[in-house]
Amino acid sequence: MPLDQSFAGRSYPPTTPYLVGREKIREFATAIDDANPAYRDVEAARALGHPDLVAPPTFAIVLSLPAAHQVVLDPALGLDYSRVVHGEQRFELSRPIYAGDELTVVATVEKIRSVAGNDIITTRGDIATTAGEPVGVAYCTLVSRAPDEGPA
Amino acid sequence: MTPRHADVEVGHALPAQTFRLTRADLVRYAGASGDFNPIHWNERFARGVGLPDVIAHGMLTMATAVRVVTDWVGDPAAVVDYGVRFTKPVVVPNDDTGASLTVEAVVAEKLDGGLVRVDLTARSGGDKVLGMARVLVRLP
């Protein structure tokens with residue numbers, strides 16, 4: 001089913017503020033099996049010149065995926081989410097994410113296209129503190145695979 | 001010690017690493033990330049949508065692969081830009097061994113402002129699973 005092209009360029013309201021917690025950073029670091037002390041030990045992070053625990057480079061997905069879901073789970077878009085796989089991801093960080101940051105994401109639909117029956121949508125998530133300081137941008141491309149395709 | 005921008009040369013290969021991803025790792029990552037797409041934990045669902053088996057979250061592969069860079073620099077906040085394409089799925093069998101992920105990294109470009117670009121190559125089961133995997137790192 002072709003996607004509703006009118007979604008291209010559409011922006012969504014900022015997501016509910018997300019307070020980055022130390023235990024969430026530690027949980028995420030454990031889930032990616034990364035023992036880097038900057039993710040776990042506040043003193044080690046401070047010794048590197050940081051105000052608090054540093055979030056791993058891909059941590060922003062915790063905020064940016066729900067922001068992208070606002071778009072891709074909208075029934076009006078027409079995306080078959082059961083056939084969705086992740087196509088591309090990029091994080092541009094203006095500064096590291098730290099424990100204690102309160103962040104929101106504004107999702108915008110960058111691009112919608114169809115290639116060989118696969119529906120492809122790219123969203124941009126602008127991440128900022130609730131005080132308005134830009135923190136970074138997460139680009140997320142999701143692919144809904146064509147129904148008659150064989151195993152990927 | 002953190003490598004210094006002045007000392008790093010294009011073509012320098014970072015120490016490669018091999019990681020293992022099991023079904024338990026996928027469940028743990030689902031919980032930590034909030035991505036509960038059943039293709040990452042439910043074999044019946046994954047096969048039903050045409051996948052060969054349960055596959056790892058692309059984001060888990062992405063997070064794991066950049067370890068080669070953050071272990072090299074020490075301070076993970078040195079990563080200022082990181083992008084990948086997910087070119088092939090990392091298929092994770094229902095056993096205790098899981099999937100293997102081997103990551104190589106090479107300094108591809110030196111840029112102004114203390115930045116270097118590191119290109120990653122990630123392989124699982126003979127397939128290149130990431131494409132255009134590029135990390136911009138700020139070095140002292």
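Student: Which residue just after helix H1 of chain A takes a positive phi?

Tutor: Look at A:Asp33, whose phi is about 55 degrees. Keep in mind that this is a predicted model.

Student: Which residues of H1(A) are called buried?

Tutor: In this helix, which covers residues 22-31, A:Ile25, A:Phe28, A:Ala29 and A:Ala31 are buried.

Student: Why can we say that these buried residues line one face of the helix?

Tutor: Look down the axis of H1(A): the buried residues fall within an arc of 160 degrees, so they line one face.

Student: What covers the buried residues of H1(A)?

Tutor: The cover includes helix H3 (61-72) of chain A, together with H1 of chain B.

Student: How many residues does each chain bring to the contact between A and B?

Tutor: Chain A gives 34 residues and chain B gives 32 residues. On the side of chain B that touches chain A, the elements giving two or more residues are helices H1 (23-33), H3 (58-65) and H4 (67-73), along with strand E2 (79-86). E2(B) supplies the largest share, 8 residues.

Student: How many nonpolar, polar and charged residues are on that side of chain B?

Tutor: There are 18 nonpolar residues, with 7 polar and 7 charged ones.

Student: What makes E2(A) and E2(B) a pair of strands?

Tutor: The test is at least two bridges between the strands. E2 of chain A (residues 84-93) and E2(B) are joined by 5 bridges, so they pass that test and count as paired.

Student: Why is B:Tyr82 called buried?

Tutor: A residue is buried if 20 or more other C-beta atoms lie within 10 Å of its own. B:Tyr82 has 24 of them, so it is buried. This residue lies in strand E2 of chain B.

Student: Which residues is B:Tyr82 in contact with, leaving aside its neighbours within four places in sequence?

Tutor: They are A:Pro57, A:Arg90 and A:Phe91 in chain A, with B:Val66 and B:Val135 in chain B.

Student: How many residues lie between E4(A) and E5(A) in their hairpin?

Tutor: There are 4 residues between the two strands, and A:Gly132 in the turn has a positive phi of about 100 degrees.

Student: Which pattern does chain B follow along its sequence?

Tutor: The pattern is β-α-α-α-α-β-β-β-β-β, and the count for chain B is 4 helices and 6 strands. Buried residues make up 41% of its 140 residues. Of the contacts in chain B with a separation of 6 or more, 66% join residues 24 or more positions apart.

Key: Residues numbered from 1 in each chain as written. Chains lettered and ligands numbered in written order. Predicted model: local features only at pLDDT ≥ 70, side-chain atom pairs only at ≥ 80, totals over all residues. Contact = placed C-beta atoms within 7 Å. Nonpolar A, V, L, I, M, F, W, Y, C, P; charged D, E, K, R; others polar. Buried ≥ 20, exposed ≤ 12 C-beta atoms within 10 Å, placed from the backbone. Arc of directions from axis to C-beta.
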